[in-house]
Amino acid sequence: MSDTPITTGQKGKLQYAVYADRNAMGRAAAEKARDIILACQASQPAVRIVFASAPSQNEFLQHLQSFREIDWSKVTAFHMDEYIGLPPGAPQAFSHYIQAHLFDAVKPAATCFIRAHATDSEAECRRYSALLNAAPIDLVCLGVGENGHIAFNDPWVADFNDPAVVKRVQLDEQCRQQQVNDGCFARTDDVPLYALTLTIPALFSARHMVCVVPAATKRRAVCAMINDTISEDLPATILRRHNSAFLYLDPDSGADLC
């Protein structure tokens, strides 16, 4: 059973809760994701889930893999973004992160990765879009960037009506600095300039969204996500329009909501 949250609230359709620490936040988010997965598995033969790959997801993924009642043999798993140009096996690849932090432990029926080393970005977008479009997405497990991005939809490339499912984007300076802040790269210059990302409509099409956002570096983005006008200037605000979206925070990220 999860700890009791410090604060709960709702803005638009988005429900949010602030927990006493990152572990309690991660456990509560994992329990919500578990309940969604089990409900899907009770009514359909397979479940399709998109995962974020970032240190902000560590506690959530650790708890999620502990639930033995989830039948991972009936799960098809995706990740939501990937750098362009990393060599095969690069430790900074998001596919490497999610494999090590979840897939190695739970062994989903299928794991679908964006190829960081693909030489033809447009062809890779088409290939991954076809995999995503093969059936509806049941659950997206995501975070929010310091600039309010979801996946790699930074404010200046975000499009709430994007016709694409997966696209090539250039990362802005704040987004690249966040990868350094997260300990993934030593310097901003080491962070690839381009990436492939699921678009906002692709993420938003999921039946359910579980969003996990800890740390003081996300405090400003979280406050704007809840209080500012829904706009591509802060892409995460779109979650307030989703019919089944849940936001989990720790005291640092949710300080302005307590």
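1. Which residue in E6 does Thr76 stand opposite? Thr76 stands opposite Ala110, in a stretch where strand E4 (residues 75–79) and E6 pair in the parallel sense over three bridges. Strands pair here if DSSP finds at least two bridges between them, and helices (H or I, at least four residues) and strands (E, at least two) are DSSP runs numbered from the N terminus.

2. A word on the basis of this note: the model is predicted, so that local features need pLDDT of at least 70 and side-chain atom pairs count only at pLDDT 80 or more, while totals for chains, interfaces and linings use all residues. Residues are numbered from 1 along each chain as its sequence is written, and side-chain values use heavy atoms, with hydrogens and water left out.

3. E4 and E6 belong to an open sheet of eight strands with mixed pairing, in the order E1-E2-E11-E10-E7-E3-E4-E6. Its edge strands, each of which pairs on one side only, are strand E1 (7–11) and strand E6 (110–112). From one strand to the next the twist averages 15°, where axes are lines fitted to C-alpha atoms (for helices over the stretch in contact) and angles run from 0 to 180 degrees between N-to-C directions.

4. Helix H1 (residues 22–43) lies across strand E3 (47–51), E4, strand E7 (139–142), strand E10 (208–213) and strand E11 (245–249), and runs at about 165° to E10. Helix H3 (residues 94–106) packs on the sheet as well, touching E3, E4 and E6, and its direction makes about 140° with that of E4.

5. A further open sheet has three strands in the order E5-E9-E8, with antiparallel pairing; its edge strands are strand E5 (81–83) and strand E8 (166–170), each pairing on one side only, and the twist averages 20° from one strand to the next. E5 and strand E9 (residues 194–198) pair over three bridges, and Glu82 stands opposite Leu196 in E9. Helix H4 (residues 121–133) packs on this sheet, touching E8 and E9, with its direction at about 140° to that of E8.

6. Grid points are joined across faces, edges and corners, and a volume is the space filled by probe spheres set on the points.

7. The structure holds one cavity of 30 Å³ or more, and the largest cavity has a volume of about 220 Å³. Of the 20 residues lining it, Ser53, Ala54, Asp81, His149 and Gln178 lie nearest its centre.

8. The largest pocket contains about 160 Å³ of space, and among its 14 lining residues the closest to the centre are Gly89, Ser95, Ile114, Ala116 and His117.

Methods: On a 1 Å grid over the protein atoms alone, a cavity is a set of points where a 1.4 Å probe fits but cannot get out, and a pocket is an open set with protein on both sides within 12 Å along at least five of seven lines; lining residues have an atom within 4 Å of a point. Contact means heavy atoms within 4.5 Å.
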